[in-house]
Amino acid sequence: MTAQAPELPRAAVNARLVALISGAAVSFGVFLSGFVINEPAPYELYMAGLIAVWALFGLRISRAVTPLLVLLVIFNIGGLISMSQMGELYNTPLYLAVSLFLAFTAVFFAAVTEARPGIYKLIFMAWLAAALATAALGILGYFNAFPGAGVFTRYDRAAGAFEDPNVFGPFLTLPGIWLLYRLLTGSPLRMVLYAVPLVIIAAGIFFSFSRGAWGLFAASSVLLVACLFLQSASGLFRLRIVVMTVAAIVLLILAVLVILQIPGVADMFTARARLAQDYDSDRLGRFARYGIGFAMAMEHPLGIGPLNFGRIYGEDTHDIWLKALLDYGWLGFAAYAVLIGWTLAAGFRILFRARPWQPYFLCAYVVLIGHVALGTIIDTDHWRHFYLLLGLVWGGIALEQRHQRALRLRPLVAAPPPPPAQGAPAPRGGSLLSSA
């Protein structure tokens, strides 16, 4: 008579079911972030409901995540004060409501990744799926591959399921950097699995013809390679990094040369590759508006009202720091500056610590650095994926604080390092190198 396997306790089954449902719910929300053609987008509607449901069933904001919440709320209070300076409100209340909602999404992602580190993998996989889908739409749209495909382009540039190519390109960066990480640290037998989707994402970034997206992906790639080189104690792995980097650069140059042979691509590339466009250097172009805006900010410490600068001069500030000053006042600017400084400093302090979630944290951190730099030439205020990046980085910061607190509470005995999370590369040779 065959012995039956013991049944799992009902509580364990229910806990597993809840974990699966909640993980799928978060993943679907991240996937929707890749489809933002109009506001409010499905992402807003879905995430508002998800956050509300999660709050009812135990969403916990820890002490480590509280500074993120406080600084983002102060930032938006600055926007409310700035709105009070406006004679006519236009659609400003809706704009600030979206700003506050996006702030809450950052806190939400920080809280759920702190509570369940395994969600990092689900978030990255969902973001990758969204990136592949919207990149494919952008590429097909650029080449007008089927009737109506032009809806996925703007200004003759690939935009995918986004309103703006300048947002579409940066959205693709984190999945691209994650694939590059796996390509550099993974098993040679699996390189094709990472190389093919990386080519699709890189093509989407290229055909966006966004100088900011090009620079963001290049800078994030350089930072990633530098971090991998510095954290490794293996000379063989460092040699591999150097060889693969040189090979990637050569292949990239060859790919660009081939693509430029396509009719129309070379002309667009030449036009977009110029450091300064006409709208940058005109008498009231982007650079001139920077000076005008900062002078105006010095005269209006409470701000001039969200989006009012664009109504006055026909174009918005195209600079997140200037936008913070004018749209959120000195109070909002101070909160934003402290938030960015705190995030980058706290993240750098724990960047090279061997933790199960470190590969995800590393990729999110280097891409966030790129976005902070990109914010000096473009407005990232309502970029949904920017707030998602903030949440991922603060989730790692909170996890490290929780880990350190657990170490202090343990008996003073030697303990093995924590096992790697599923899907994360395992430590080897004094560094986090993938054996996958």
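Predicted model: local features only at pLDDT ≥ 70, side-chain atom pairs only at ≥ 80, totals over all residues.

Me: Let's start with helix 3 and helix 4: which residues meet there?

Reply: From helix 3, the residues are Leu-68, Leu-69, Leu-72, Val-73, Asn-76, Gly-79, Leu-80 and Met-83. They meet Thr-92, Pro-93, Leu-96, Ser-99, Leu-100, Ala-103, Phe-104, Ala-106, Val-107 and Ala-110 in helix 4. By class, that contact has 14 nonpolar, four polar and no charged residues.

Me: And at what angle do helix 3 and helix 4 pack?

Reply: The angle is about 175°, and the axes are 10 Å apart. Helix 3 covers residues 66-83, and helix 4 covers residues 92-115. The two are therefore roughly antiparallel to each other.

Me: Nice. What about helix 5 and helix 17, how far apart are their axes?

Reply: Their axes are 12 Å apart, and the packing angle is about 160°. Angles over 145 degrees count as roughly antiparallel, so helix 5 and helix 17 are roughly antiparallel to each other. For orientation, helix 5 is residues 119-142 and helix 17 is residues 384-409.

Me: Is the crossing of those two left-handed or right-handed?

Reply: Helix 5 passes helix 17 in a left-handed crossing. On the helix 5 side, the contact is made by Tyr-120, Ile-123, Phe-124 and Trp-127. Helix 17 brings His-385, Leu-388, Leu-389, Leu-392, Gly-395, Gly-396 and Leu-399. Sorted by class, these are eight nonpolar, three polar and no charged residues.

Me: Changing topic: how many cavities of 30 Å³ or more does a search of the whole structure find?

Reply: The search finds one. The largest cavity has a volume of about 50 Å³.

Me: Which residues line the largest cavity?

Reply: The lining is Ile-350, Arg-353, Arg-355, Trp-357, Gln-358, Phe-361, Gly-396 and Glu-400. Helix 16 (358-374) and helix 17 are the elements that give two or more residues to this lining.

Me: OK, pockets now. What's the volume of the second largest pocket?

Reply: About 1,100 Å³. It is lined by 29 residues, and those nearest its centre are Ala-202, Phe-217, Ala-248, Ile-249 and Leu-252.

Me: Which elements give two or more residues to its lining?

Reply: Helix 7 (173-185), helix 8 (191-207), helix 9 (211-231) and helix 10 (235-259) do. Helix 10 gives the most, with ten residues. The lining as a whole has 27 nonpolar, two polar and no charged residues.

Me: Last one: where do helix 8 and helix 9 meet?

Reply: Leu-198, Ile-205 and Phe-206 of helix 8 touch Ala-213, Trp-214 and Phe-217 of helix 9. The contact consists of six nonpolar residues, with no polar and no charged ones. The helices pack at about 140°, with axes 9 Å apart. Phe-217 is in this contact and is also one of the residues nearest the centre of the second largest pocket.

Definitions and conventions. Residues numbered from 1 in each chain as written. Heavy atoms only, no water. Axes fitted to C-alpha atoms, helices over the stretch in contact; angles between N-to-C directions. Helix = DSSP H or I, 4+ residues; strand = E, 2+ residues; numbered from the N terminus. Parallel < 35°, antiparallel > 145°, perpendicular 65-115°, else oblique. Left-handed = near helix turned anticlockwise from the far one by under 90°. Contact = heavy atoms within 4.5 Å. Nonpolar A, V, L, I, M, F, W, Y, C, P; charged D, E, K, R; others polar. 1 Å grid on protein atoms, 1.4 Å probe; cavity = no way out; pocket = protein on both sides within 12 Å on 5 of 7 lines; lining within 4 Å. Points joined across faces, edges and corners; volume = space filled by probe spheres on them.
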